[in-house]
Amino acid sequence: MLRHYWPPTKLRILRTSSGKKVTNNKRVNKKDVAKLLNEWSGEFTVFVPSRDEGVTKWTKWDGEGASFLDWYRNTVVPPKAIFLPPMEEMFGFHKDGKGCRIELPASSKQKPLIFGIRPCDAKALAILDMTFKDAYEDPYYLAKRNRGVLVGLGCTNPYDSCFCTSLDSSPTDATNVDLMLTDIGDDFLVEAITDRGRKLMAKTSLAQAAGETDEVRAKKAKEAANSKVTRKIEAEGITEKLLSCFEDKDYWEKIAAKCISCGICTFLCPTCYCFDINDELVRNRGERFRSWDSCAFPLYTKMPMENPRQEKWRRLRQKVCHKYEFYPLNFEVIACTGCGRCIRLCPVNWDITQILDNLPAEEQLKPEKC
Ligand code: SF4
Ligand code: SF4
């Protein structure tokens with residue numbers, strides 16, 4: 001089971017003095033979203049989905065409305081890029097006659113507010129926290145993550161590659177966000193999940209108390225969205241199955257055959273986090289930075305005397321086993337959210353759900369020392 005950091009609150013039905021039933025949830029008109037973002041941008045760096053030459057990703061809100069609501073399903077580049085950027089300066093250094101001076105980057109003061117994060121991607125951040133917060137404390141990630149606010153937006157139109165419902169989640173799962181928005185027509189129903197979320201909503205005059213009709217609409221919208229996720233995997237027992245077929249070279253060679261080692265499925269996976277560290281020095285000024293790396297690349301594990309993952313099948317095995325075997329053994333959670341990006345974006349249609357569904361049964365195994 002995923003350890004949840006912020007327990008969701010229970011819905012309370014209240015009554016106004018006129019006897020009208022309202023709930024402790026709020027309602028915000030879609031036309032007011034830009035005004036709301038404007039209010040929040042006074043305190044936070046607001047990130048929204050955007051399109052850049054056909055690639056959807058998260059960028060700072062430009063103050064120009066909320067037209068992304070018309071086309072946004074999910075982004076190609078996941079929101080992990082805000083907390084663990086593809087390339088990030090760790091520090092600069094300057095050498096002069098008096099020694100070496102370290103210069104810390106200014107961006108570490110940022111308070112990001114992610115507007116519209118999907119439940120699978122919010123869960124992915126909770127999974128990343130286990131590595132960057134629990135296993136060791138990564139100051140670069142935590143500087144942004146600890147100050148960050150997640151405003152979730154339930155999916156209404158999941159992709160056919162999504163399979164979050166097989167992994168203890170759903171398109172409307174509010175577990176890992178501060179505020180959760182549900183599309184109920186002209187409005188969003190807004191549920192405050194954490195104290196941080198409650199404080200945010202308490203400050204705005206753009207929200208009204210939600211009524212019973214809004215709650216009924218939200219319930220129907222959630223049921224409709226959840227029923228649209230039809231792709232399934234059998235997650236129960238998957239770690240044990242992978243443990244038993246780890247040495248089956250024939251199987252892994254077969255599933256790796258068409259992979260071209262492009263790394264897309266790892267770069268764009270919201271729970272993959274491998275990075276490389278480099279120093280760049282020009283005259284007396286230098287920079288240490290880290291950048292995304294991928295276990296799909298043969299150079300990733302190259303060492304002076306050998307490379308334990310020179311062959312492609314070993315690298316693909318690593319990718320699958322890291323998510324479904326090693327992470328559960330270390331953190332008691334599968335490091336895959338079922339977001340489906342690796343299925344949608346793989347240039348050769350490599351499909352993790354088919355691989356997991358066709359793991360060889362114990363009697364079919366051909367273990368070979370590898
Ligand atoms: S995206 Fe597809 S081809 Fe590229 S590394 Fe992943 S499985 Fe291989
Ligand atoms: S492995 Fe694929 S489906 Fe799972 S979280 Fe990563 S990109 Fe999404």
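The C-alpha centres of domain 1 and domain 2 lie 27 Å apart, where domain 1 covers 16–227 and domain 2 covers 238–364, with bounds that come from an automatic or database domain assignment. Please keep in mind that this is a predicted model, in which local features need pLDDT of at least 70 and side-chain atom pairs count only at pLDDT 80 or more, while totals for chains, interfaces and linings use all residues. Residues are numbered from 1 along each chain as its sequence is written, and side-chain values use heavy atoms, with hydrogens and water left out.

Let me turn to the interface. Counting contact as heavy atoms within 4.5 Å, 41 residues of domain 1 touch 39 residues of domain 2. Interface size is often given as the accessible area lost when the parts come together. Here the two domains bury about 3400 Å² between them, 64% of it on carbon and sulfur atoms, where buried area is the accessible area (1.4 Å probe) lost on being put together, summed over both parts. Of the area that domain 1 buries against domain 2, Lys80, Phe93 and Phe163 supply 18%, more than any other three residues.

What is the count of salt bridges between domain 1 and domain 2? The count is four, a salt bridge being a side-chain nitrogen of Lys or Arg within 4 Å of a carboxyl oxygen of Asp or Glu. In the salt bridge that Asp121 forms with Arg341, the closest N and O atoms are 2.7 Å apart.

Notes: Chains are lettered from A and ligands numbered from 1 in the order in which they are written.
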